Amino acid sequence: MADWEDRIKRLEDAEAIRNLIASYGPAADRGDAKTVSEIWWKDGAYDVGGFGVSKGRVEIAALITGDTHRQLMAKGCAHILSPHEIDLEGDRATATGYSTVFRKSDSEYEAWRVSFNEWIFEKREDEWRAVLRVNRPVDGKGGLNEH
């Protein structure tokens, strides 16, 4: 019975992480900075290649309320995250995958930013949140070469 309980717990943990990742795009696209920032723990960080490292929820929220993101939203944008590979190790997990930001250009949408992502999650008090997300544009150099 313990084996089944462990397996179910791992599935629940992976699903919780998948849901956090999946919540990013819709929240970002509606300009919901609070929801975006709450994907991270208060001491979390978001390292966006070309935009610097945002530490803590206030700085992460500022990415959504900042000029670059507001300009994207004003014209129309969609943040799409691929399914991520999740590696669970107790109360810590790594998730790797891709993201694409589409923006509206005239009457069509174009891929504005295609990136490789690595997330580090921690479970604290029975709740998962991100400790770190590293996002790097796909540039032919292979993954997170700056990380």
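**Close-up 1. Helix H1 in the predicted model, residues 2-29**. The 28 residues of helix H1 should span 40 Å at 1.5 Å a residue, and the end C-alpha atoms are 42 Å apart, which agrees; the expected span is 1.5 Å times one less than the number of residues. Helices (H or I, at least four residues) and strands (E, at least two) are DSSP runs, numbered from the N terminus. Among the buried residues of H1 are Ile-17, Leu-20, Ile-21 and Tyr-24, where buried means under 20% relative accessible area with a 1.4 Å probe, protein chains only. Just after H1, Gly-31 takes a positive phi of about 75°.

**Close-up 2. Asn-135 in strand S7, residues 127-137**. Asn-135 counts as buried because its relative accessibility is 3%. Its side chain makes a polar contact of 3.4 Å with the side chain of Ser-99, and a polar contact of 3.2 Å joins the side chains of Asn-135 and Ser-115; such a contact is a pair of N or O atoms within 3.5 Å, of which, within protein, one must be able to donate a hydrogen and the other to accept it, and residues adjacent in sequence count only if both atoms are side-chain atoms.

**Sources.** Residues are numbered from 1 along each chain as its sequence is written, and side-chain values use heavy atoms, with hydrogens and water left out. Because this is a predicted model, local features need pLDDT of at least 70 and side-chain atom pairs count only at pLDDT 80 or more, whereas totals for chains, interfaces and linings use all residues.

Notes: Buried < 20%, exposed > 50% of the residue type's maximum accessible area, 1.4 Å probe, protein only.
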